[in-house]
Amino acid sequence: MRPERRLRSALPYQILTFVVFVAAWELFVHLRGGLLIPRFTETVEATVKLLGSAELWQAMYVSNQALVLGFLVAVVVGVPTGIMLGRYRLLERFADVYLNILLVTPMAAIIPLLVMSVGFGLASRVILVTIFSIVMVVVNSRAGVRQVDPSLIEMARSFGAGEREIWTRILLPGALPAIMTGIRLGLGRAVTGMVIVELLMVSTALGGLILEYRGLFKAPQLYGTIVIILAEALLLISVARWGERKLTRNRSVR
Amino acid sequence: MIEIRGLSKSFVGQDGATVDALRGVDLDVGDNEFVTVLGPSGCGKTTLLKAIAGLAPWNEGDIVIDGAPVRGPGSDRAVVFQNFALLPWATVLDNVAFGLKMRGVARAEREERARSLIAMVGLSGFEAKRPGELSGGMQQRVGIARALAVQPRVLLMDEPFGAVDEQTRRLLQEELLSIWEEHRLTVVFITHSMEEAVLLGDRVVLMSARPGRIAEIVPVSQKRPRSPDVGAAERAEITGYLWNRLREMHQERR
Amino acid sequence: MRRLPAGLISLAAGAVAWELIGCVADVPFFPPLTTVLVRLAAMVAGGQIVASLADSLVNLVIGFVISLALGLVTGVAMGRYRKVEAALGIYVYALLTAPSLVFAPIFFSLLGEGRGSIIAVVVMYAVFVIVINTASATQGVPAHLVEMARSYGASEAQVLLRVMLPAAAPMIMAGVRLGVGRAVTGMINGEMFIAVVGLGRIVTQAGGRFDGASVLAVLVVIIVVALGAVALVQAVDRRITRWVPQTSRGDQ
């Protein structure tokens with residue numbers, strides 16, 4: 001008979017996993033070694049050094065421009081689009097097919113077309129990030145509007161509310177949680193888009209660093225850069241999740 | 001057949017206080033005896049049944065079945081569950097044969113036994129159906145067939161007719177009585193219905209809550225085979241007595 | 001008004017628009033639909049597409065099978081054993097949301113410039129969504145079914161195989177469906193980064209030549225592969241979850 005004991009905290013197990021991971025890493029390097037695989041300690045050292053270098057922050061600044069601008073465009077264009085699709089069923093029925101295709105298509109394959117048409121500058125990078133991000137924003141905003149209780153709209157109409165009031169008093173507040181979710185997911189996708197840009201499109205900044213370190217066999221710095229990019233991604237997503245929770249705390253009717 | 005001595009189980013509730021689910025329960029169940037267990041919610045009757053079944057641990061005391069102490073589930077006991085607990089993706093035949101399959105019985109033999117039991121509970125022709133296609137009463141018949149298939153010495157029934165409507169319940173009671181006449185097993189039957197407890201049982205174990213303990217054991221000396229139409233007056237007297245005791249318990253709680 | 005499928009009308013309208021804009025614009029990066037289709041036919045006949053498609057599919061299948069195996073085992077373990085979930089939970093969630101391609105340079109340095117790296121990228125893309133869905137599905141298995149099985153003497157292995165897995169199947173299939181989509185993306189992205197074999201490589205090469213028609217032709221093939229893979233999984237899904245009652249089936 002196995003009683004189910006409640007785990008007091010997950011932290012010790014999480015730390016255990018991390019320790020096992022590092023140990024396996026060190027063991028692997030010990031056995032295989034070589035220029036291409038740095039040790040854990042080397043990587044940590046390189047990461048710290050990178051964080052203090054102007055080179056890295058310069059690269060971060062340039063690369064993140066595409067992220068910020070692309071994400072903003074995705075939100076500014078995507079939220080209204082999604083809301084329209086949610087409200088007007090006819091529009092949605094025609095757009096649905098394309099949204100489904102977009103959700104499954106690897107956006108990276110569009111890169112050559114973008115480069116051919118818009119070139120290698122900031123514009124094409126921003127466009128790619130926007131494309132990555134916007135589908136999530138649209139789909140979630142649409143879902144948010146669709147799940148608003150129709151009887152509330154009916155109720156508002158019965159009290160004489162016009163289209164504008166329905167929007168501002170019923171639809172937008174009701175759809176807000178889902179819209180925030182879409183924005184959060186969109187941010188995650190935008191970060192992915194930025195990484196794709198750096199690795200596959202035009203290696204201006206962070207991507208350039210990665211290529212350089214790879215070419216020069218500077219493995220610790222290569223891994224360090226990757227760790228930093230990962231950290232930024234996770235940080236942004238955590239912030240987005242926190243922001244979403246904060247803004248939609250008292251809004252959902254349970 | 002079953003000897004329970006000083007059975008106690010307590011746990012820490014959600015508010016941090018210790019709850020005595022069972023305290024000092026002593027009970028003897030004889031060979032081929034049909035015992036019903038009755039009591040208000042929280043009196044520990046389900047805990048008691050699960051302890052006998054070997055599905056839940058206890059803190060103090062012993063449970064001995066035919067000389068052997070209970071250490072876990074065993075092939076000498078089979079359980080019939082209140083919400084049927086049938087595998088929704090399996091056919092009736094596979095559901096009835098489930099216990100046999102767990103014990104490693106060969107396919108031909110277990111299917112043959114399953115079929116004969118399906119016939120006994122009156123579900124011939126439904127072997128290939130899935131639980132989703134059956135009514136509640138039929139599903140519980142499958143549950144009973146499954147329990148009988150493993151040829152247990154003790155049949156443990158946890159409010160088996162609680163989840164069906166009254167008409168179905170009466171039919172199932174009659175069927176259970178006739179099945180029991182044919183295959184005399186030891187049965188421990190939990191119910192919250194006084195009429196059911198008196199109709200089915202040789203003895204009614206009346207339990208009270210906080211702490212869970214046996215308040216009284218009321219014998220039902222009516223002759224077998226029993227039937228709902230015969231001897232109703234005699235049973236009504238005992239039922240009335242039981243209800244008085246239960247009402248006292250409810251009032252004490254206020 | 002006759003109920004015509006809106007999707008088809010929409011696609012047809014889109015095709016017409018593509019053709020018109022392509023002809024009018026006359027730019028290398030937006031050739032008309034007919035040009036693309038002609039180029040596609042030529043590439044198929046010339047054998048380039050077929051060879052690369054085969055390469056890509058091999059990468060996809062191997063990567064997906066590995067993701068499936070790893071994902072199911074890990075997911076079931078996380079769903080069934082609280083300690084495993086505690087240990088792995090945050091890492092799985094983190095890796096799920098992180099941009100998976102960022103690991104490509106690492107795989108490149110570990111596994112070299114070949115198929116192995118691409119397959120590793122595919123796994124990185126697909127496995128975590130399968131783990132999460134499987135874990136969630138396993139946790140959601142009704143406890144009374146597990147209890148019933150134990151009461152009839154089922155061993156731990158039997159409980160996992162005969163009760164938890166079938167009960168969790170519908171939700172697991174949802175994760176598998178998402179995983180397939182991500183696997184295709186991983187396949188393409190991996191092939192574009194490690195431009196050795198496959199459709200991703202042709203896309204990059206065509207782009208380098210400013211050959212818009214070829215890029216779009218391959219893009220069409222990629223979309224067909226993606227949709228086909230998802231449709232295949234949906235068919236398997238329907239077969240496995242035949243027993244789920246209609247009302248509770250979510251068709252997303």
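How many salt bridges does the rule find across the interface of chain C and chain A? It finds zero, where a salt bridge is a side-chain nitrogen of Lys or Arg within 4 Å of a carboxyl oxygen of Asp or Glu.

Before going on, a word about what you are looking at. This is a predicted model, in which local features need pLDDT of at least 70 and side-chain atom pairs count only at pLDDT 80 or more, while totals for chains, interfaces and linings use all residues. Residues are numbered from 1 along each chain as its sequence is written, chains are lettered from A and ligands numbered from 1 in the order in which they are written, and side-chain values use heavy atoms, with hydrogens and water left out.

Let us stay with that interface for a moment. Chain C brings 51 residues to the contact and chain A brings 46, with contact meaning heavy atoms within 4.5 Å. Together the two chains bury about 4,600 Å², 75% of it on carbon and sulfur atoms; buried area is the accessible area (1.4 Å probe) that two parts lose on being put together, summed over both. C:Arg82, C:Pro99 and C:Val102 supply 13% of what chain C buries against chain A, more than any other three residues. The rule also finds six residue pairs in polar contact across this interface, both residues at pLDDT 80 or more. Such a contact is a pair of N or O atoms within 3.5 Å; within protein, one must be able to donate a hydrogen and the other to accept it, and residues adjacent in sequence count only if both atoms are side-chain atoms.

Now follow chain C itself. Its secondary structure comes to 10 helices and zero strands, counting DSSP runs of H or I with at least four residues as helices and runs of E with at least two as strands, numbered from the N terminus. The C-alpha atoms of chain C fill a box of roughly 70 × 60 × 30 Å along the principal axes.

Why does C:Thr134 count as buried? Because its relative accessible area is 0%. Leaving aside residues up to four places away in sequence, C:Thr134 touches C:Gly71, C:Leu72, C:Gly75, C:Val76 and C:Ile172.

Helix α7 (residues 143-151) of chain C leads us to chain B. Among the buried residues of this helix are C:Leu145, C:Val146 and C:Met148. What covers the buried residues of α7(C) includes α1 (45-53), β6, α3 (98-102) and α5 (136-149) of chain B, together with α3 (48-80) and α8 of chain C. After α7(C) comes C:Gly153, with a positive phi near 85°.

Strand β6 (residues 77-80) of chain B is covered on both faces, with B:Arg77 and B:Val79 buried on one side and B:Ala78 and B:Val80 on the other. β6(B) pairs in the parallel sense with β7 (residues 154-158) of chain B over four bridges, pairing being counted if DSSP finds at least two bridges between two strands. B:Val80 has B:Met157 as its bridge partner in β7(B).

Chain B also holds an open sheet of four strands, in the order β2-β1-β4-β5 with antiparallel pairing. Its edge strands, β2 (18-29) and β5 (68-69), each pair on one side only.

Terms used: Buried means under 20% relative accessible area, exposed over 50%, partly exposed in between (1.4 Å probe, protein chains only).
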